[in-house]
Amino acid sequence: MLETALAGIVKDRFEMARGLLEAARILAKSKNSMVRRSVISRAYYGAYQAARATIFWIHRRDEGDHEKLGKEIDSLPKLPPGSGTELKELRTRRNEFDYSPHPGPNERTAYDASTIEAMIEESLETAEKLVRGFEKRLKQRG
Amino acid sequence: MSRIIGMSAEDVREFIYARAAARPELRIITVSVTSYPGEYAATVWLGQDPTPDMRRYAYELEAELAKLGVSCNILVKGDREGKFGGVDTLRTKKGPFSYRYLRADPAGDEDVVYFFSLYKGQKTYRYRLSLSGTLASMLRLRNQFDEDKILEVYRDQIRGRIEREGLKPEDIQTIMLDSRHRHLFGLK
């Protein structure tokens, strides 16, 4: 019974993750460049929810702290190496794009338009790859 | 966890820089720290491709800062990951190079520090350029401080260095312009 309840929580989080990625794909098709920027936020949160569900299922405890989640993911065996670092990178990018009208690698340098577009596309691909990796990992629990 | 009161972004940057600089295997270009609500985000930029161990080192730094009550998401990245500046082309007598640049934080007497990564095929050539504090002050005092002009001079310096001395892919080439170079900015 406990197992069923846990599985339900994990299923719900993955459903949320997939919904967030779908939102990201819809935003990516927008002609408005400012709307397209929001792809990164949806992509990050999609990957975050799937990562959180994975940790919950494997360790049987919830880890919602954004800062700790990357490290927890990198410490899990049987995941593609660097998955936690990729999650952290998405998080950093999400902050850059959500807080600044001129996002850049630091406060003194801004990305150019073509780099921004490339980063939007790359972020969605990374989030999709991470979620697929987490789904695969859940099937090989242990 | 919330940010510690009294530890500014600059304090965090200095903390990370000091720790990372103590590791000789890291070729640090610069450390950037950005402040967000409730946390900091930092990137340690390296003039090399980071190994998995180097990337994991970020977790050690995060843990050290967490003990001080500072929430900071840290990434270790190489300049070939290419997410700074825009891509442009520098034409030289040795052929064209594509390049990106990053405005870096100054150290010591440096001012207006830029880090350039030039790419040709699989090779990367790295240059760190700055003005001395004196030259930067002279430009500001005489209303000649124009960042676009400074970038133009920096690009000319790199071009000159490549054409005179050739290419050294393994090193970070450092060029600091001082008051002897004031003529480059139209000062007598």
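Chain B runs α-β-β-α-β-β-β-β-β-α-α-β along its sequence, which amounts to 4 helices and 8 strands. The model is predicted. With a radius of gyration of 18 Å, close to the 16 Å that the globule rule gives for 188 residues, chain B is as compact as a globular protein of that length. Chain B divides into domain 1 (9-81) and domain 2 (88-185), and part of its surface touches chain A.

**Overall dimensions and packing of chain B**
- Along the principal axes, the C-alpha atoms of chain B fill a box of roughly 50 × 40 × 25 Å.
- Buried residues make up 35% of the 188 residues of chain B.
- Among contacts in chain B with a separation of 6 or more, 58% are between residues 24 or more positions apart.

**Domains of chain B**
- The C-alpha centres of domain 1 and domain 2 of chain B are 24 Å apart.
- The contact between these domains of chain B involves 8 residues of domain 1 and 8 residues of domain 2.

**Contact between chains A and B**
- Chain A gives 20 residues to the contact, and chain B gives 19.
- On the side of chain B that touches chain A, at least two residues come from each of β1 (28-36), β2 (39-46), α2 (52-67), β3 (72-78) and β5 (95-104).
- The largest share of this side of chain B is the 5 residues from α2(B).
- By class, the residues of chain B that touch chain A are 7 nonpolar, 7 polar and 5 charged.

**Non-glycine residues with positive phi**
- A:Arg60 is not a glycine, yet has a positive phi of about 60°.
- A:Arg60 sits in the loop of chain A between α2 (33-59) and α3 (66-74).
- Because 12 or fewer neighbours is the cut-off for exposure, A:Arg60, with 9 other C-beta atoms within 10 Å, is exposed.
- B:Asn143, also not a glycine, has a positive phi of about 55°.
- The loop between α3 (133-141) and α4 (147-165) of chain B holds B:Asn143.
- B:Asn143 has 7 other C-beta atoms within 10 Å and is therefore exposed.

Key
Residues numbered from 1 in each chain as written. Chains lettered and ligands numbered in written order. Predicted model: local features only at pLDDT ≥ 70, side-chain atom pairs only at ≥ 80, totals over all residues. Buried ≥ 20, exposed ≤ 12 C-beta atoms within 10 Å, placed from the backbone. Contact = placed C-beta atoms within 7 Å. Nonpolar A, V, L, I, M, F, W, Y, C, P; charged D, E, K, R; others polar. Domains from an automatic or database assignment. Rg over C-alpha atoms; globule rule 2.2 N^0.38 Å.
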